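Visitor: Hi, I've got a structure here and I'd like to go through it with you. Can we just chat our way around it?

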Amino acid sequence: MTDNVLTNTLTDVPGFRVGHAQRVGGGWLTGVTVVLAPEGGAVAGVDVRGGGPGTRETDALDPRNLVQRVDAVTLTGGSAFGLDAAGGVVAWLEEQGRGFRVGPEASQVVPVVPAAALFDLGRGGDWKARPDAALGREAAAACHDGPVAQGNVGAGTGAVAGGLKGGIGSASVRLPSGATVAALVAVNAVGSPVDPSTGELYAARFGEPGEFPALRAEPTQAPDARPLNTTLAVVATDVTLTKAQAAKFAGTAHDGLARALRPVHLLSDGDTVFALASGTRPLPVPEGDPAFAVHTEAAALNELFAAGADAVTRAIGHAMLAAETVGEFEAYRDRCANRPE
């Protein structure tokens, strides 16, 4: 997207693209979302806090390890089975000549694609209807830099949150320094996004002026008795970060989950946040006394990290408002007597 127009989605961070692919009907209710890094990749970090995660290639993001940049991140339904989708993303990237160079020929690359899966098995009726490499390839090929589709798409297709229909949500912010921070979340939580005392979305309390409508709904109990879920998120920025700083970026973004979903990080969740930094903009550190340089840098990072957590919270609100009722999984908006026309 251009530097002057914000869509309030992850693609507002220049260079990043997002693609979705899903299957619905005939026993299917699942999908894949790919966040594609700019050419040359992005510095990445990860923070896994749920007790039941399903992940791939997260060890590559450890600051002690060799690879410095990743080519994409894959979010998928299908629990551990759905991690096969990342293989399709890897194959597609190899065809584009993108990846970690491992040989003398330009084509000799290994694309680095961390992935995480959420639990949506059987929600469409067929326990074995789950994402595979073909669906991952389809999502990768669909990546574009326009506004991100939200709701019942991609990895959010079969998502459920606190008994309500979950989905994909996104949000962004441009800081006074000119840096952009954004988030994309696949909301699929054991915990609830709704305050039981008011029927209000927790996330709505943290929105920008006019961002969220004043909706109230009766709380609901989950119709699916199996407490197996996982909320997945990606936070991104155009600021230059080290791998260690990206890991901290991912960690603080979990605060955004905790504001919008209660409770979080349970044994039955696999809550995972990835952080991506394109590095096209220097960290906006103001000039000052060199003796306090570490503190001025920390202040700049703190602003960035806080914005990431806020974007995650707002993205969860957008996911719940964009979600549409599917079968027994009712959308939040459909439970609101005062919902807008």
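Visitor: Is Pro 196 buried or exposed?
Guide: Pro 196 counts as exposed because its relative accessibility is 58%. Buried means under 20% relative accessible area, exposed means over 50%, and partly exposed is in between (1.4 Å probe, protein chains only). Keep in mind that this is a predicted model: local features need pLDDT of at least 70, side-chain atom pairs count only at pLDDT 80 or more, and totals for chains, interfaces and linings use all residues. Residues are numbered from 1 along each chain as its sequence is written, and side-chain values use heavy atoms, with hydrogens and water left out.

Visitor: Where is Pro 196 found?
Guide: Look in the loop between strand E13 (180-187) and strand E14 (232-239). Helices (H or I, at least four residues) and strands (E, at least two) are DSSP runs, numbered from the N terminus. The C-alpha atoms of Pro 196 and Ala 217 are 9.0 Å apart, and 21 residues separate the two along the chain.

Visitor: What does Arg 205 form a salt bridge with?
Guide: Its partner is Asp 195, and the closest N and O atoms are 2.3 Å apart. Both Arg 205 and Asp 195 lie in the loop between E13 and E14, so the pair ties together parts that are ten residues apart in sequence. A salt bridge is a side-chain nitrogen of Lys or Arg within 4 Å of a carboxyl oxygen of Asp or Glu. Side chains of opposite charge can pair when their charged atoms come close.

Visitor: How accessible are Arg 205 and Asp 195?
Guide: Arg 205 is partly exposed, with a relative accessible area of 40%, while Asp 195 counts as buried at 10% relative accessibility.

Visitor: How many salt bridges does the structure hold?
Guide: Eleven. One of them joins Asp 62 to Arg 64, with the closest N and O atoms 2.5 Å apart. Arg 64 is exposed because its relative accessible area is 75%.

Visitor: And what about Arg 259, which residue does it form a salt bridge with?
Guide: That would be Asp 310, with 2.8 Å between the closest N and O atoms. This pair links distant parts of the chain, since Arg 259 sits in helix H4 (residues 243-260) and Asp 310 in helix H5 (residues 293-322), 51 residues apart. Arg 259 counts as partly exposed at 24% relative accessibility, and Asp 310 is partly exposed too, at 33%. Elsewhere, salt bridges that share partners join Asp 195, Glu 200 and Arg 205 into one network.

Visitor: Let's stay with H5. Is Thr 313 buried or exposed?
Guide: Thr 313, which is in helix H5, is buried because its relative accessible area is 0%. Leaving aside neighbours within four places in sequence, Thr 313 is in contact with Ala 203, Phe 206, Gly 256, Arg 259 and Ala 260. Contact means heavy atoms within 4.5 Å. Thr 313 and His 254 are 59 residues apart in sequence, and their C-alpha atoms are 9.2 Å apart in space.

Visitor: Which residues is Thr 252 in contact with, apart from its sequence neighbours?
Guide: Leaving aside those within four places in sequence, Phe 305 and Ala 309. Thr 252 is in helix H4 and is buried, with a relative accessible area of 16%.

Visitor: New topic! Where does Asp 71 lie?
Guide: Asp 71 is in the loop between strand E5 (69-70) and strand E6 (72-76). Asp 71 is buried yet has no salt bridge, and the nearest side chain of opposite charge, Arg 98, is 4.2 Å away. For charge, Lys and Arg count as positive and Asp and Glu as negative, while His and the chain ends are not counted.

Visitor: What lies 2.9 Å from a polar atom of the Asp 71 side chain?
Guide: The backbone nitrogen of Val 112 does. Beyond neighbours within four places in sequence, the residues in contact with Asp 71 include Leu 36, Leu 93, Arg 98 and Phe 100.

Visitor: Which residues of helix H2 are buried?
Guide: In helix H2 (residues 85-95) they are Ala 85, Ala 86, Gly 88, Val 89, Val 90, Trp 92 and Leu 93. These residues pack against several elements, including strand E2 (28-36), helix H1 (79-82) and helix H3 (133-141). H2 is followed by Gly 97, which has a positive phi, near 75°.

Definitions and conventions: A polar contact is a pair of N or O atoms within 3.5 Å; within protein, one must be able to donate a hydrogen and the other to accept it, and residues adjacent in sequence count only if both atoms are side-chain atoms.
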